[in-house]
Number of protein chains: 2
Amino acid sequence: MRASQYFISTLKEAPADAEVVSQKLMLRAGFIRKVAAGIYSYLPIGLRVIRKVEEIVREEMNRAGALELTMPMVQPSELWAETGRWEKMGEEMLRFKDRHERDFALQPTSEEVVTDIARQELKSYRQLPKNFYQIQTKFRDERRPRFGVMRGREFTMKDAYSFDRNMDAAGRSYDAMYAAYCRIFDRLGLTYRAVAADTGAIGGDRSHEFQVIADTGEDAIVYCPDSDYAANIELAEALSLLASRAAPTHGLEKTPTPGAATCADVAKLLGLPLATTVKSLVLATDDVDDKGQPAGVTVWLLLVRGDHALNEVKASKVEGLKAGFRFATEAEIHEHFGCKPGYLGPIGMKKPVKVVADRTVANMSDFICGANDEDYHYTGANWGRDLPEPDLVADLRNVVEGDPSPDGKGRLAIQRGIEVGHVFYLGTKYSKAMNATFLDEDGKPKHFEMGCYGIGVTRILGAAIEQNNDARGIIWPDALAPFRIVVCPVGWGKSEAVRSEALKLYEGLLAAGVDAILDDRDERPGVMFADWELIGVPHRVVIGERGLKEGMAEYQGRRDAEATKVAIGDLAGFVAAKLRGQ
Amino acid sequence: MRASQYFISTLKEAPADAEVVSQKLMLRAGFIRKVAAGIYSYLPIGLRVIRKVEEIVREEMNRAGALELTMPMVQPSELWAETGRWEKMGEEMLRFKDRHERDFALQPTSEEVVTDIARQELKSYRQLPKNFYQIQTKFRDERRPRFGVMRGREFTMKDAYSFDRNMDAAGRSYDAMYAAYCRIFDRLGLTYRAVAADTGAIGGDRSHEFQVIADTGEDAIVYCPDSDYAANIELAEALSLLASRAAPTHGLEKTPTPGAATCADVAKLLGLPLATTVKSLVLATDDVDDKGQPAGVTVWLLLVRGDHALNEVKASKVEGLKAGFRFATEAEIHEHFGCKPGYLGPIGMKKPVKVVADRTVANMSDFICGANDEDYHYTGANWGRDLPEPDLVADLRNVVEGDPSPDGKGRLAIQRGIEVGHVFYLGTKYSKAMNATFLDEDGKPKHFEMGCYGIGVTRILGAAIEQNNDARGIIWPDALAPFRIVVCPVGWGKSEAVRSEALKLYEGLLAAGVDAILDDRDERPGVMFADWELIGVPHRVVIGERGLKEGMAEYQGRRDAEATKVAIGDLAGFVAAKLRGQ
């Protein structure tokens, strides 16, 4: 491609509302333009990157035996009603009526449509396994779209759905997708980690997120440097930090802690370590009787150590909280504790509450907790002596850096990540809801065992940039770069020698099938270099009159601190080696 | 691809609501499945055909220097309001509100968004010309979606938009697109015709439709077999069939024609040729004064020969009717003619009407027309003698087969066509409405001269099938076929020799880059042949045990009446020649 016939539209400054570096750089480099909140046009150079992602995704999905199809953007309510998701999906699913007042939604995902295809088309076990995928526009009406393409409303997603005869076969489909995703992110040249993730209501252990590592990532991912353990922080198991409960050494004492309503304030005030305090969190469940009628409220007191944070996903797995919980209201708290938040604790409540202690808290002794009396805490509290044993002991907290790895092989570390892929075993959730069956070998109808597998195609652009950028702009991995190499002639308009050498290199690259661009805009070197460094082209060759007089050109990789002089005669070979990664 | 690992899902019968042959065959062959009215999923084999169309379109657009980008499906009302189209577009544009109650629409087309990109990005004449295109999902909420992918609601369209400095340059962009479209439809292997089309309010002569010829087409297209004249019937110019007006030979006579309210009935009743009758059509315009206030109604009498049909597009170009017209109400007709429809004519009206005669009617003599008296017509009517000369003479009618070609080079013929592409010169309609300007060489801002260029990607599938099918199914041109050749082994499961020869041919084809499928499903020959003939694969090779004993295989092209025996040793070469079209 010649730059003069292409469309390079860089900006000195990003628009003021751009928040994160990938968004700023994509706007400045002319990859995207905002049309509305969370809705972007992809300019030609941005679309080139999307196509490169799509092509790698498509090749690896096909290699794994998946079959590409296309399901519609606009989907009728009837199918979504069959699984109950027409009601359950929140406002993120954009719904509207057509001219005949029929209900439709823009696809946020396509389980219902693909399950409908399967129940119509896959009649026999002989047709299984099948894995259908599409690379299609999706829409999620985010309440607060932000971070450019990272949390947009309209985006491109690769979504795949596998249909199997039984759980074993579904496991093989899952493993095949997991392996395909590893190949995809390897080929994209991104540093990533596959981490175990929560399976929610489906259960089982088959859910992994593919996280691109970036300091700016929204997700915390937990791993063990000494083993292959890796999990999303929502899931990562926190062991007890205390192997057993020590004997009490202090008596229970009600201590004035005026104005100290947080564990940190109390520890500071009393001059004691934060790790000796216990944090109280009050939840509530709205109970129902056998007939589904409201049957009062149960109040729950969850206890984690003062330096730990409650993990709500883990809380939702506690027996009694699985059906859903909420934070208690101020009135409920007052009714049960006789005190306002900040001074709550498990000793001397006004009315019974269910006490759930984190594994570590359950083994603490001589701990500090709220006294259910404003401006007072207890010190020297001990289980069994000062208060009954907790009703339940559970893993309630987020792991922290340095926690023991659940596999017993070392200590945990934490990184930030950006989720770009997710593989998920669905079981029969959708096939049962939609009565999607096939005839098994024994002649009996069985529900499909399903899996779903997503990759955020447009989000990968943002994640790749968050991971790979510097003060000058984007640094694309070769596989993602809109152009792999730019040839910059200095003095294109006036030097025949420059033009001739630049064209020779450029045409040689094209002939070798390399995605090269020739900057024939006749701009000053500073303008050219700034554009291509902002755009993030990995390799650059500069050919100028001064260098040519000495028989030299210059090569600079996007991450190189400075240029390397290369004899014109060696240039083609030198560049070819660089493009091979040598 | 091996059929056992692919997804072949053919149906014996099309669903009852399928109307046209392409829709029936696409459903039966497993290319599409209906999700809602006018909304389809494309199963893997259908998507393959779409991808083939897209790839040819993309290659030719790129070759013509156009740049691919992507504009969003979901577009904000603000941009559409700038051109007034938020109000003007009918219910075909599906509108809705997002969760924050902001107005959006699904893109039916993208002039507004692309013009917004141009006004932001194209600052200087040095950046021109530019032609941006996308191949993207569109949505039009058709009142009555039908004919499968031919008039669907969700569909894939390639839409391109050119931006130029002036009309000359815009003309060159238009010509480049016209040429690219010819290459595209040539490469797709379709029989088509580029026909001049009406330019509506834009004016000028630069609008062409690309019509795939098919007896089942919705459009009538007019061409001259002896020249390159071709136009949509809406536009095709009708010359006068009478070079001059003959002298009267009959007197005016009021003749009883009881119950004969159509020209055909009158001609039959009187035993005279239909071509001696004149048909009266009554229109009305709602006039406004200088201040835009209603200023009464003008009634118009349009006259075409009894065997001709009024062309409303032509009527809309008559001076006085350009601002819009409607058919007159019964009350208006009665007020002006004193008679009910069926007996109206240009002689003896009650109140003045504007009389517009078609070119042929203006040269008629001794003609028959309504007498403005129920159950009576005049015969022997003559201009000048029995009634005043018409207020206006204009081309008002559709041409008919055998009419003289407007270029004077022969007689016109008429075919049916399916519109699959349209190139259109837009002028400054959108750039002025949105104030999209660039700085020209003289330093002054100028509005872009624009063109737009559409290809209905998914509709091409329907049109190709309407043009190419037989009782057994689809007959794809090679360029569009989901697979170019199928290798059908008879006895795959039991004959090692059959498997070995089939695999040898199949693997050789793959190695040569041919899109081949091996039917290893071990089905009976009848089932295999019926599937592949329905699906429309252009070339088929059958390898069976009986043939192999004689050292022979069979080749059959999809249009061949019978198979050709080919010696196994010659098979690869024979097939290669067939694939080269020899």
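1. Buried area is the accessible area, taken with a 1.4 Å probe, that two parts lose on being put together, summed over both. By that definition, about 4,400 Å² is buried between chain B and chain A, and carbon and sulfur atoms give 58% of this area. On the side of chain B, the residues that lose the most area to chain A are B:F7, B:R99 and B:E121, which together make up 16% of what that side buries.

2. On conventions: this is a predicted model, in which local features need pLDDT of at least 70 and side-chain atom pairs count only at pLDDT 80 or more, whereas totals for chains, interfaces and linings use all residues. Residues are numbered from 1 along each chain as its sequence is written, chains are lettered from A and ligands numbered from 1 in the order in which they are written, and side-chain values use heavy atoms, with hydrogens and water left out.

3. The relation between the copies comes next. The same surface serves both copies, since 100% of the contact residues of chain B recur in chain A.

4. Counting contacts (heavy atoms within 4.5 Å), 52 residues of chain B touch 52 residues of chain A. There are eight salt bridges between chain B and chain A, a salt bridge being a side-chain nitrogen of Lys or Arg within 4 Å of a carboxyl oxygen of Asp or Glu. A salt bridge joins the side chains of A:E121 and B:R33, at 2.4 Å from N to O.

5. Strand β7 (residues 130–139) of chain B supplies five residues, the largest share of the side of chain B that touches chain A; helices (H or I, at least four residues) and strands (E, at least two) are DSSP runs, numbered from the N terminus. The residues on that side divide into 27 nonpolar, nine polar and 16 charged, where Ala, Val, Leu, Ile, Met, Phe, Trp, Tyr, Cys and Pro count as nonpolar, Asp, Glu, Lys and Arg as charged, and the others, Gly among them, as polar.

6. Over all chains, the whole structure holds 108 salt bridges. In chain A, the side chains of A:R48 and A:D515 form a salt bridge at 2.6 Å, N to O. This pair links distant parts of the chain, 467 residues apart, with A:R48 in helix α2 (residues 44–63) and A:D515 in the loop between α13 (496–511) and β28 (516–518) of chain A.

7. Some backbone features deserve a check. The peptide bond between A:L128 and A:P129 is cis, with omega about -5°, and A:P129 lies in the loop between α5 (111–121) and β7 (130–139) of chain A. In chain B, the bond from B:L128 to B:P129 is also cis, with omega near -5°. A:D366, although not a glycine, has a positive phi of about 50°, and its place is in the loop between α10 (359–362) and β18 (367–370) of chain A.
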